[in-house]
Amino acid sequence: MLNLQKTYSAILEAAKSRETLTYGDIAAASDVERPLTSEELRNHLKKLVKLSRDMGWPMLISIFEPEGEPADDERRRFSVELLKKGKMPLDRVNDPIGLLNEQRGTLYDWSGSAPEVIQVRSSEGSLFVRRFDNVLEALQALGGTGRPVEVINWIKENAKVPPEQLRERTAGGKSKLVDEVNFARFYLMKGGLIEAPEQATYGIWSLTKNGMDTRLNDEEATRLFKKLKSSFGQSKSTGHDGVSAPYLVGNIVDDGCFLSLERLDKIISRLHSKKNLVLQGAPGTGKTWLAKRLGAVLIGTNDTEILRSRLKIIQFHPSYSYEDFVCGWRPKGDGGGLSIVNGALMEIVEAATKAGEDQPFVLVIEEINRGNPAQIFGEALTLLESSKRKPEDALKLAYHTDDQDRVHFPPNLFVIGTMNIADRSLALVDLALRRRFAFIDLEPQLNEQWVDWCKERCNFPTEVVDHIQRRMTDLNDEISGDRSLGPQFRIGHSYVTPSVGQTCVEPKQWFDDVVETDGRLTMNGGISGEASVSTRMVGTVPVRNIWLLFLYASNLANFSGHNSIEVETSPDFPSLVARLLCHVVETRLRRNLSRGYIPVERVRTRVTGRINILKTYSGKYLDRGFVVCRFDDFTLDTTRNRLVRAALEQLSGHLDDKILAHECRYLAGELGRLGVAGRKPTAQEIAADRMGRHDSQDQIMLTLAKVVFDLVLPTEDEGGTRFPQVERDAILVRKLFERAVGNFIRSELTPLGWSVRQGTKPKWPLESASAKIADLFPGMEVDIELEGLGRRIIIDTKFTSAFGRTRFRAERLRSAHIYQLYTYLRSQEDPLNNTSQRSSGILLYPTIDKEIDETVTVQGHNIRFATVNLALPGTGVINRLRNILTAYEARIG
């Protein structure tokens, strides 16, 4: 068996003579006469590498050379293999033989002062235990409290630390003294001599009452350490003393976190006080990476065996349920019926309760917003609250047996969630969840710490690091300023952060590969393509103005982010609707479509919802460990998403623009691949689909889809069948004109402080009315009513000619329209309201030829007769409406 001490002695002897060794010399030094197996050699070399790194020595294995007289290629391969075993960075190495010789020279120079015997430092009076009393004495000298840097400086100046110990560094380049002091503080905190983070101030170490009066010699420190070490457990990967080294906040930074120690301290402190925390940020900001290490800090170690038993990681997804997470009924599989089985949460709750409050347990939930938190957590959301972790707050779970006790969650259970803000499956995270979790924002960290990591730990050239930093910063600035994306779509630093020891022969090429394969982001402002402006007509009205009416009537004209899409750039109305719909569907796909619940029936391995007893027993599912359940599934296959897919498919068959038609078919296919069915929902299903206050992102998409089916797309082809209603149905066209004018006025005047109401029903000022007159008297309905700037204006839209003819065929304004508007104005006069006594009225007519703009004042009320020429270009129609309002001091232009 190979002996580490004998190998070390052979290396030291050869180094002092400036000679080399072969692997055969290792066997000879340990009196092993047979050839070494590859596994024996590999494990022994690993021990030598670990010894070098732990003790801060030169690379001991650099002493080795290949057997015999190898060729240059073989010598080069041997050097590369040896350097890799020694964890040397090879990113920029063109001459591995030269690098190995350089390491060997360092070993030769060091060998003269090297110790003859390997002294493995253990807990007995060495390593961080020797700093227990140093930390206590320093804090007592500082008055009981001090910042970490003050404690370390005091120890350096007053504790007589040997110079060689001050120079010692860890493998990560950090001062070993700082590590020892941090470890000592951790154990003193566990021993009740230093305050825990939840009682301490950020970045301040404070002694407890016991700590103020305590000093520890080596024997007392060792005894305290042995007493505490059992709380961390033992594992195969522990150190020489059988105990894993503590994992502290500083270790997170050493591992490659680019947040400051102060920020990490605050996060840990928040976790101690809140118990539950969510890390949210853009993709690639290190949420999961940090969550695992925060869990290790809470537990106190990064040892694999210990973390496996005390840190659990799960991921939410749309099909994840309460039965998976908390507990639920499951078939036994042997024909014995059902039994309650714990889910991931209750498993760790029971383990944490059994272990005791001095042993932290951590549950990491990745993509916590991917599922439905209210459904998944259930009553566990209340039990998770930090103030309800006591037996008196215990609750009965939804699934329980008659003899099962109430449940409460122990205070040593911590929950850390991660949330990708660029990919929300829910429009808004449940507010009850937000109240019980602290939320921490993580930003892309291309800061000085990142720069130092790339240069010092990964050996990237300065010019390459600056190039990456500049390119990524510019890209993220552009993404943040893009109205269809925003800051949540920025690219995180992990995309462009190499791991330690990663071999990059050419760093710039590595970055180009990352951009090409991992970080490519296509940002288009919608569907491109030029189209000539159509001047064809429906009758004598340009079809583009019919589109304009549709846009304003459907509340689409001021669609945020689409002001640059002019109605006159599309050759026909179907193309315009298709362009808008494709753009908004692309945006929703990037941000994730809204989900909803639909009733389903499926065969499950656990009970979800209600059991279909007839099918379960007739199909003998229980014998095979299954059960047939009916439940509401949280899915993308909702009524509104099916309507959008059907609208895209409908549009694709009616477009002359082949590229645009292909885009519609492609997006319909994308929805299908996400599970959205191709069946168009019925009118009853559409009517039953209610928009909630969090569904604003779906409103535009749904409105456009309804336009495709409900309003009947107009066409410029005379005599066609796709636009019969708009030509023949006077009621539809009148309502279209009325709604378009009303929505236009609202969009223009509301920001200026005006009140705009449509379809108001003023009351008659009836006096001395007979018993039945109220049932017989006609009602009044005002098309548009404006109030603001001390004025009231009533607008009555008429989709008919402004003129009638007398029996002598002379043109006159239509008397019935005048009587109606005059009645509106006079009937609403109030002696106590000056505005009502001088209110104005407008009779607004569409026209295609003759225009009028006349005014008259009748009994103090100004009445205007105006037309809007729908034969003008779209901008002309809009400007005409604005001019009409400007005349009434609406102050827009």
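Strands S21 and S22 run antiparallel and are joined by 6 bridges, where strands are DSSP runs (E, at least two residues) and helices are DSSP runs (H or I, at least four residues), both numbered from the N terminus; two strands count as paired if DSSP finds at least two bridges between them. This is a predicted model, in which local features need pLDDT of at least 70 and side-chain atom pairs count only at pLDDT 80 or more, while totals for chains, interfaces and linings use all residues. Residues are numbered from 1 along each chain as its sequence is written, and side-chain values use heavy atoms, with hydrogens and water left out.

The two strands form a hairpin with 2 residues between them, and in the turn glutamine 859 has a positive phi of about 50°. One of the bridges sets threonine 855 against its partner in S22, arginine 864.

## The parallel sheet

Another open sheet has 5 strands in the order S4-S7-S8-S3-S9, and its pairing is parallel. Its edge strands are strand S4 (311-315) and strand S9 (438-442), each of which pairs on one side only, and the twist averages 20° from one strand to the next.

Strand S3 (residues 276-281) and strand S8 (residues 413-420) run parallel, with 6 bridges joining them, and glutamine 280 stands opposite methionine 419 in S8. Helix H17 (residues 344-355) packs on the sheet, where it touches S4, strand S7 (361-366) and S8, and its direction makes about 165° with that of S7. Helix H13 (residues 261-274) lies across S3, S8 and S9, and runs at about 160° to S9.

## Salt bridges

The structure holds 33 salt bridges, a salt bridge being a side-chain nitrogen of Lys or Arg within 4 Å of a carboxyl oxygen of Asp or Glu. In one of them arginine 602 pairs with aspartate 633, with the closest N and O atoms 3.0 Å apart. Arginine 602 lies in strand S12 (residues 596-604) and aspartate 633 in strand S14 (residues 627-635), so this pair ties together parts that are 31 residues apart in sequence. Buried means under 20% relative accessible area, exposed over 50%, and partly exposed in between (1.4 Å probe, protein chains only); arginine 602 is partly exposed at 35% relative accessibility, whereas aspartate 633 is buried at 9%.

Glutamate 785 and arginine 792 also meet through their side chains in a salt bridge (3.8 Å, N to O), and glutamate 785 is buried at 12%, as arginine 792 is at 14%. Aspartate 796 forms a salt bridge with lysine 798 (3.1 Å, N to O); aspartate 796 is buried, with a relative accessible area of 2%, and lysine 798 is buried at 13%. Elsewhere, salt bridges that share partners join Glu385, Lys388, Arg435 and Arg436 into one network.

Leucine 248 is found in the loop between helix H11 (218-229) and helix H12 (249-255), and it counts as buried at 11% relative accessibility. Leaving aside neighbours within four places in sequence, leucine 248 is in contact with Asn182, Phe183, Phe186 and Val297. Leucine 248 and phenylalanine 183 are 65 residues apart in sequence, yet 7.5 Å apart in space, C-alpha to C-alpha.

Valine 149 lies in helix H7 (residues 148-158) and is partly exposed, at 39% relative accessibility. Valine 149 and valine 178 are 29 residues apart in sequence and 9.0 Å apart in space, C-alpha to C-alpha.

Key. Contact means heavy atoms within 4.5 Å. Axes are lines fitted to C-alpha atoms, for helices over the stretch in contact, and angles run from 0 to 180 degrees between N-to-C directions.
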